[in-house]
Structure formats: structure tokens, C-alpha cells
Amino acid sequence: MQKILSKHKNIAFYYVFLGVLLLVRIYRLSVSAPFDYDSVYNYQILEQIAKNDYRNVFHHASPAFYAVFSILYAFSSDFWFLLYCNAFIGTLAVHIFVATFRKHHIGLLFVLGFSFLSVASSRYLSIEGISFLGSALLWNKIKHFLDTSKNYLQKNQNLTSKFPVHFFAYSLGFLLLLCMFSNYKAVVPMFFGAISLIWIVYEKNDKKYFILNFKVVCFSIIYFLIGLLLVMLLGTILGQRWYQYPATIFSIIATAKNISASTFDFSYYFRYILGFENPFLLIFITIAFVFFIKNYKQTEGFEKIIWFVLLGTFFTMTLLAKAPRGLIFCLPLGYILAFNWVRNFYKNLKPHKQFLFIPIIVVSIFFQVKHIFTEIYAYTPSNYPKVAQYLQKNNAQVVFSTLGLSVYPYLDKNIKFVVMREAKDTLLFKNYSGNKFLLYDSYCEVSGHWSLLALKNIKFDTTFVEKSLCSDMLHLETSQYNGFTFRQSLEAARKVREQSFQLGIKKNE
């Protein structure tokens, strides 16, 4: 009876702490600026979809993101409502990962829940939140399938009873689609997952095991392809070209290839993990990998798949255009494997030696929480609401912005908003005859649109400091587009911080 009560008490603590993780994700969210261009552009696309305009439904090759958030948008068109929903999705993804690998384990919940990338990606309206959830659901179903098939083969040596092949194939096919339609980068872990599963089946050298896995994998691929064709057909019905989805992926990859070829920084992700994630993560993953190689033959197939996917995805991403979001499919796996090794090692220590881990635990907690305060909360509150108020007070008819979109959610919908991407776009501003305002937004510097930098030299009517544009994380995330190395991104952030203002407004009479 006491064990049952203790178990329920632990579960209660677990869900309380899960609630704390949600609060961490929404704390000061209402006074934060929209994270970047994509966050607001995604919101604008949701506005278009609500008006039956589907021209951008395949933007970033992420139709699943727009499908999910269009439903949420129908309940409320408020930008911050959608951000709160995204924070909930991120928290739910952490819970599913923990339920898959260490059910109701507060330690793993803490490690994953306070991962900087996990928290940061929950606070902006982009594809990473739904990608994180899709990944968690997929790993949960893979484990469920492998456990069920293992138990089935132990009890049915002659395969006399039916195995729910199509149930697992439907489930896996759907979740593969969810991941792929949320984030095209999912193709990388999917590729390594398929290769590792084939290798494990080959290693097993068991005909019944091979037949069972072969059936499920084949039907999963068939259902995945059927789903892909149906979405392409749906795109055609919505007015898109039938090949729009694969064409969008090809375009993104071609652009990324050009950027990654111009600047190659192999150390980028290692430096990101050391600077923003748990400081012991790389050390523990390295040690865990050594033990994995040493005990390879005794290792369960599921853990082997995780290692193949983690290492394959991580090192593939180091070859592409880089941003912290590139780790969304592999970083959680690194935390899980590192945590499992630490937990097993700690349990095997003698009681009088276990206290040696206390300093490591304390330092880990300190740095994971510190990063959230210094790299997220420190860049609030935003001054974009004051910019919007100024524009509305002065009866602005149109606002021309130097690429930045972050003021858009605060603006009155009657004010026309125009984005200038290059210096030649200033002609639009000069030729407009209404009550027009130029908004110099330093986001053009963050994203590397240098031709707009000359506009900063004009005499502005008023200026504002905008902390969010000084964030190291913002500059690192945009390195995927401007081709900056890790060091160059942090240097660019430092330069923006040193400026006397980041936002300037000029009225042209």
C-alpha cells in the first residue's frame, strides 16, 4: 500500500513539474517580441488561409504546420494565443519523450524540459514546435512496435496468431508524414532510421523477425507514399501546381547548399551545445558512446536505432547550412542517451560515492536555467508595441519596413505594411503619396541585407532600443540564411547590441 501511495506521489510531482515547464515556456511571452521574420510571416500565411488564399500553404514545405495552426487560428486569430498553443505543444512533446523512454521520471523531464532549444523553439511561431511533437510521437510508436513485435515473437514461434501489421503501418506511415510535412529536414533522421532498422534485422539473422519487420516497414512506406500523393492532390485542388511540394523542398535545399558551400563551420553545433545547452552533454554522450561500442552485442535494437539516427543526423547537419533549429530531431536523443548512461552509472556506484555526482547535478541545473534567463528573458520586454502606438497616433496609412516584420502583430489592420528587402525597394517608399512612414528595423542587419544599412544614416523622428534584435540566439538562427559561422553570428549580435538604437521611424511629408 505504501509503495502504491509513493508511486502516486511521484506521479503527482511529475505533473506538477510538467506544469512548471509550461510556465517556463510562457513566462514573459506576452511582452516578448515575435522571434523572427518567419514567426510573423507564418502568422500572415495563416491570415491568408483564413481568407481562402492558399498560395503559401507549402511555404517551408510545412503544410502540416499550417493545417494544425489554421485550426487553432479558427478559435482565435490573436498572435499570442497561437504562441501559447505552440508553448503547450512543446511541453507536450517533452512529456511524450519522457513517457517513451523513462515514464514519469522527473530527472529526464528536467533535462529535456530545460534544454535551451526545447524552450526557445516553444516560444516562436515556427515549424520546430510541431516538428518536436511529431518526432516524439514517432519515437513513441517505434518503441511500441518493437516491444510488441518482440513479445509477439516470443509467444508465437510459428507465427500462428495475427500480428497487427496494418495498425502499426498506418500509425508509422501517418507519423512519418507528420514529421515530413512539418519539417523537410525530417528526411535525414528518417533515412538513418530506415538504414539502422535494416541493419538490425540483418544482424538478428532471424527469418520470422525479418518477415514481420519487412511487412510493417513496406506497408508503412506504402501508406506514407499514399499520404504524400493525397497531399499533393489536395494542393492541386487548392490551386497549387501538382509538384509544388517537392519543388519547394528542392528550392530550399538548393539555397541551403549555396550557403553551406560559401561558409563551412564544422564546429558550429559543438560550440552551440557547449555555449547554450547543458555543459556536460557532449562529455556524457561521448562516454555513453564508448560504452555503447564496448557493449554493442548486448545492446537492445531500439537503442542501436537511436544511436544510428543521432550520429547520422548530427553529422549530416554539420555539412548543411547551420542554425540551432537543425538539431531539433537529434538533440533530444542526445539528452536521453546521456541521461540513461548517467542514471545507470550512478545506480552502480556505492552509496558513499554517489555524492560525487551532486556538484555535477547542481552545475547542470544552474547552467540550463541560467541560459533561459540570460538568453531569453533578458531580451524582454519589447518596444515594438510602442512603435505601433506611435504609428497609429500619427495616423500612418502605410509603413515601409526594412525587412523586419515584428511590429506587424501590434499594428492596426487598417495600416498597410510593406517590406523592403533591398535598397532598390526604397523607390516604393519615395513613390507612395499617402501618409507614409519609414521604419528602419535592424533585422535587416541581422539577416544580412546590407544594402538597406545606408537608411540608418538618415535623421529619424524618433528611435527605440529593441532588445530582441540583440539576442545571440536570433543571430544564430539566421546564420542558416546569411551563411555566418558561429563566431561571426555572435560578433554580429555584439555589434547590434553596441548600437544606440535598433528601430527608427521617419515620416515623409
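Biologist: Is E47 buried or exposed?
Modeller: This is a predicted model, with local features needing pLDDT of at least 70, side-chain atom pairs pLDDT 80 or more, and totals for chains, interfaces and linings using all residues. Residues are numbered from 1 along each chain as its sequence is written, and side-chain values use heavy atoms, without hydrogens or water. Buried means under 20% relative accessible area, exposed over 50%, partly exposed in between (1.4 Å probe, protein chains only). E47 has 11% relative accessibility, so the residue counts as buried.

Biologist: Which residue meets the side chain of E47 in a salt bridge?
Modeller: A salt bridge puts a side-chain nitrogen of Lys or Arg within 4 Å of a carboxyl oxygen of Asp or Glu. For E47 the N to O distance is 3.2 Å, and the partner is K413.

Biologist: How many residues apart in sequence are the parts that K413 and E47 tie together?
Modeller: Helices (H or I, at least four residues) and strands (E, at least two) are DSSP runs, numbered from the N terminus. K413 lies in the loop between β1 (398–401) and β2 (416–419). E47 belongs to helix α2, so the pair ties together parts whose separation in residues is 366.

Biologist: Is K413 buried or exposed?
Modeller: K413 has 51% relative accessibility. That value makes K413 count as exposed.

Biologist: Which residue forms a salt bridge with R325?
Modeller: The closest N and O atoms of R325 and its partner are 3.9 Å apart, and the partner is D38. R325 lies in the loop between α14 and α15, D38 in helix α2 (residues 37–50), so the pair ties together parts 287 residues apart in sequence. Both residues are buried. The name asked for is D38.

Biologist: Which residues are linked with R325 in a network of salt bridges?
Modeller: A search of the whole structure finds 13 salt bridges. The network containing R325 links this residue with D36, D38 and E477.

Biologist: How far apart are the closest N and O atoms of R497 and D472?
Modeller: R497 forms a salt bridge with D472. The pair links distant parts of the chain, helix α22 (residues 486–498) and helix α21 (residues 472–482). R497 is partly exposed at 36% relative accessibility, while D472 is buried at 11%. The closest N and O atoms lie apart by 3.0 Å.

Biologist: How much space lies in the largest cavity?
Modeller: On a 1 Å grid over protein atoms alone, a cavity is a set of points where a 1.4 Å probe fits but cannot get out; a pocket is an open set with protein on both sides within 12 Å along at least five of seven lines, and lining residues have an atom within 4 Å of a point. Points join across faces, edges and corners, and volume is the space filled by probe spheres set on them. There are five cavities of 30 Å³ or more. The largest holds about 240 Å³.

Biologist: Which residues lie nearest the centre of the largest pocket?
Modeller: The largest pocket has a volume of about 1,100 Å³. Its lining has 38 residues, and nearest the centre lie T299, E300, G301, F302 and E303.
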